Each structure stands twice: as structure tokens, then as C-alpha cells.
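Please work through the exercises below with the sequence and the structure at hand, and read each solution only after you have looked for yourself.

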Amino acid sequence: MKFVDEASIRVFAGKGGNGCLSFRREKYVERGGPDGGDGGDGGSVYLVADHSLNTMVDYRFQRVYRAESGEKGRGRNCTGAGGADLELPVPVGTTVLDEDSGETLGDLVAPGDRLLVAQGGFHGLGNTRFKSSVNRAPQQTSPGSEGEERSLKLELNVLADVGLLGLPNAGKSTFIRSVSAARPRVADYPFTTLVPQLGVVKVDALRSFVIADIPGLIEGASDGAGLGIRFLKHLTRNRILLHLVDVAPMDGSDPADSAASIVRELERFSPTLAARERWLVLNKTDLIDETELADIEASVIDKLQWSAPVYSISALAHDGTERLCQDMMGYLERCAEEEAANPDLIVAEREAQQAMQEEARERVNLLRMRKRGEMSEDDEDDDDDHDVEIEYAP
């Protein structure tokens with residue numbers, strides 16, 4: 001099974017059934033008159049958010065979907081059967097776009113959300129509908145209308161409250177293992193995380209939030225270096241970004257320069273995303289003494305001109321992680337309370353998420369256009385195929 005976060009499909013709604021031309025013909029019944037029934041409505045196509053799905057791999061193999069057409073009307077004023085609607089399950093967090101116009105049709109962000117993407121055709125009218133005092137034997141009927149057809153692009157942005165950001169081997173996977181039951185791969189080489197990882201952080205019995213780890217960025221990621229920037233779009237739904245910085249990198253690089261390179265890549269990818277609430281987390285503090293840590297912290301803050309919260313932790317030793325999780329939970333609860341008191345904040349948040357997704361879409365498409373001359377069409381088709389490692393763990 002593969003992790004696929006984008007798919008293009010074409011959907012066809014059903015055609016409406018034609019009206020029937022018929023006259024009543026029974027022995028001993030005079031002036032039977034018209035009795036042609038209407039056709040049935042064509043089936044519509046809906047997308048439905050399904051919490052049991054976390055990938056769009058099925059839509060990479062079958063790309064055309066058709067709803068049933070309505071049946072034609074019959075005599076004796078019998079209406080044709082309507083075509084059955086077609087419901088296509090998609091993962092929660094799917095954004096649906098019209099591929100021809102680029103218009104965003106909707107966002108499926110809660111289990112059970114249902115989005116109409118192609119309206120079925122309207123039924124045709126039988127000749128009974130056209131009878132009148134001056135037209136006792138109408139010969140006209142109307143055909144059913146064609147159903148809508150659309151080319152759709154489905155984009156999955158995983159749902160999480162907190163997103164982890166940083167260089168490879170900054171300790172993001174170790175952190176998510178430390179604070180949740182998720183068990184992503186951890187090793188002493190870069191790019192051990194190839195697809196987004198999700199874990200549920202349980203602060204206490206009735207308080208929890210979802211945290212997401214994406215593959216690490218490197219300098220030049222916005223130009224395709226490393227794993228590129230494709231997975232950054234999964235941070236567009238997060239309310240907090242945690243920027244993890246390795247204070248004792250194995251290659252001896254300067255933590256301040258490393259942190260600055262990530263900020264530059266983030267700003268090139270999406271200025272709106274770069275302006276989101278972002279906390280600085282200095283990780284692996286168990287490897288250095290307090291004096292050296294203070295110097296590194298001052299250097300990073302000065303390099304980034306940082307004014308947001310700063311935390312020092314050791315994810316491996318579970319040092320400082322509990323306080324960080326409590327503070328994140330408190331921030332998320334305050335956001336929820338403010339939105340409940342002021343609905344305008346919900347609208348503003350949706351607009352911000354849409355802006356981030358549009359900026360992300362433009363940047364990723366630009367990068368793909370640059371690479372198009374360097375790879376075959378078959379290679380591009382396999383661009384999104386990775387082993388599934390997404391896990392929601394309590």
C-alpha cells in the first residue's frame with residue numbers, strides 16, 4: 001500500500017431519462033388520452049470524508065467514475081427509475097479543486113462531510129405533461145438533460161494541530177515518539193522519515209491534540225534538494241509550528257545557520273505559512289552543558305531575530321517535553337475559546353489556510369515544471385508513491 005496525497009480523477013454524473021410518448025389504449029375505454037411518464041433523474045457524484053482512509057492510492061489506478069443514468073419514462077404514467085448517486089470516499093482533510101478552472105470546490109475536514117461535485121441530469125417530461133384543453137393528444141416529449149462532468153484534483157493535507165519543522169536528524173521523530181504512542185523510524189542518518197507521521201499527544205484524561213512530523217528540509221529544498229518541499233503543504237492546517245533545532249549536530253554545523261536556512265525555505269514556500277504561530281525548540285540539550293546551551297540559544301535568537309516562545313528540551317531523555325506539551329495544549333484551547341466567542345476568527349482562519357494552500361500549490365507546481373525536462377512522464381507518475389507510515393496513535 002502506498003501513501004498518495006494527490007490524485008486527479010474525472011467524474012460523470014448520470015443523464016436524466018427521456019420522457020415517454022404514449023397513449024392509453026384499452027378495450028372499451030374511449031378517449032384514453034396521453035399517458036407517457038417522465039424519465040428518472042440522473043445520479044449525482046459526491047465525495048465523502050472517511051476517517052478510515054489516509055491515502056488516495058485507489059484513485060491512482062482508477063481515474064474515471066460514472067454515476068447511473070435515469071431510466072426513460074413508460075406508459076400508464078409510469079416514471080422511470082432515478083439513477084443511484086455515486087459516493088466516493090476520500091481521506092479526512094481532502095481539498096477538492098476543479099482542474100480546468102482551478103476553483104476550490106470544497107474542503108472535507110470532518111468525518112462524514114459530503115460534497116456534491118457533479119449534479120445529475122434532470123428528467124425528461126412525458127407527453128402527459130403537455131396535454132391541455134386545446135391539445136388533447138400531444139405528440140411532444142422532452143429529453144433528459146446531460147449530467148455534469150468534471151475533472152477534479154484531490155489534495156490531501158493531513159489534519160493535525162501541531163506541526164514539526166526542521167532539518168533531517170533534528171530529532172523530530174524522536175520527539176513524536178517521546179510524547180505520543182506513534183513509532184516512526186529513528187536512526188542516525190538523515191531522511192529516516194519519508195512521509196508524514198501523525199501521533200496523538202494525550203496531556204491528561206480528557207485533553208489531547210494531534211501532532212504531525214514531516215520529512216526534514218535542507219538548504220535548497222524549494223529548488224528540489226533532498227525530498228523537496230512537497231510535504232510542507234501538510235503544515236497548512238496546523239495552528240502551531242514547532243521549529244526543532246539540533247544544538248549538537250554531528251556534522252559540526254552552526255545551529256543558528258541551520259535554523260536560518262529552514263526559515264528561508266519556509267518563506268520561499270509560503271509567506272503566509274512562515275507568518276504562522278511558530279515556537280523555537282532547542283533539542284538534544286542532554287549532549288551539551290548549560291553554559292554552551294545558553295550561548296547557542298542566544299546565537300539562534302539573535303540570528304533569527306526571534307520574539308516567539310523558546311523551549312529547551314531533550315526528546316530522548318524526556319526532559320522539558322511535558323511542559324512544552326502542556327503549553328501547546330493551553331494555546332490550542334485558548335484558540336478554540338476565542339473562536340467560539342468570535343465567529344469572525346473562524347472565517348479568518350479558513351481564509352488563511354486557503355491562502356497557504358494556494359501559495360503551496362503554486363510553489364510545488366513551479367518546482368514540478370522545472371523538473372519536467374529532467375524526468376520522464378512515468379517518473380512523474382511515481383512521484384507521490386511512498387510506503388504508508390501515517391499512524392494515529394493514542
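**Exercise 1.** In this predicted model, determine how helix H1 (residues 172-179) and helix H5 (residues 321-341) are oriented to each other, and which residues make their contact.

*Solution.* Begin with the axes of H1 and H5, which come within 11 Å and cross at roughly 80°. Angles of 65 to 115 degrees count as roughly perpendicular, and H1 and H5 are therefore roughly perpendicular to each other. Next, look at the contact itself, to which H1 contributes Phe175, Ser178 and Val179, while H5 contributes Thr321, Leu324, Cys325 and Met328. Finally, sort these residues by class: the contact of H1 with H5 has 5 nonpolar and 2 polar residues, and no charged ones.

**Exercise 2.** Find the strands at the edges of the open sheet that 5 strands form.

*Solution.* First write down the order of the strands, S4-S2-S9-S6-S7, in which the pairing is mixed. Strand S4 (64-66) and strand S7 (104-108) each have a single partner strand, so they stand at the edges, with one side of each left without a neighbour in the sheet. Within the sheet, strand S6 (residues 94-98) pairs with strand S9 (residues 149-156) in the antiparallel sense over 5 bridges, and Thr95 has Glu155 in S9 as its bridge partner.

**Exercise 3.** Describe the lining of the largest cavity.

*Solution.* Start from the space in the largest cavity, about 100 Å³. Of the 12 residues that line the largest cavity, Glu6, Glu155, Lys233, Ala360 and Arg361 are the closest to its centre. Then ask where the lining comes from: helix H6 (343-371) gives the largest share, 6 residues. By class, the lining has 2 nonpolar, 3 polar and 7 charged residues.

Conventions. Residues are numbered from 1 along each chain as its sequence is written. This is a predicted model: local features need pLDDT of at least 70, side-chain atom pairs count only at pLDDT 80 or more; totals for chains, interfaces and linings use all residues. Side-chain values use heavy atoms; hydrogens and water are left out. Two strands pair if DSSP finds at least two bridges between them. Helices (H or I, at least four residues) and strands (E, at least two) are DSSP runs, numbered from the N terminus. Axes are lines fitted to C-alpha atoms, for helices over the stretch in contact, and angles run from 0 to 180 degrees between N-to-C directions. Angles under 35 degrees count as roughly parallel, over 145 as roughly antiparallel, 65 to 115 as roughly perpendicular and the rest as oblique. Contact means heavy atoms within 4.5 Å. Ala, Val, Leu, Ile, Met, Phe, Trp, Tyr, Cys and Pro count as nonpolar, Asp, Glu, Lys and Arg as charged, and the others, Gly among them, as polar. On a 1 Å grid over the protein atoms alone, a cavity is a set of points where a 1.4 Å probe fits but cannot get out, and a pocket is an open set with protein on both sides within 12 Å along at least five of seven lines; lining residues have an atom within 4 Å of a point. Grid points are joined across faces, edges and corners, and a volume is the space filled by probe spheres set on the points.
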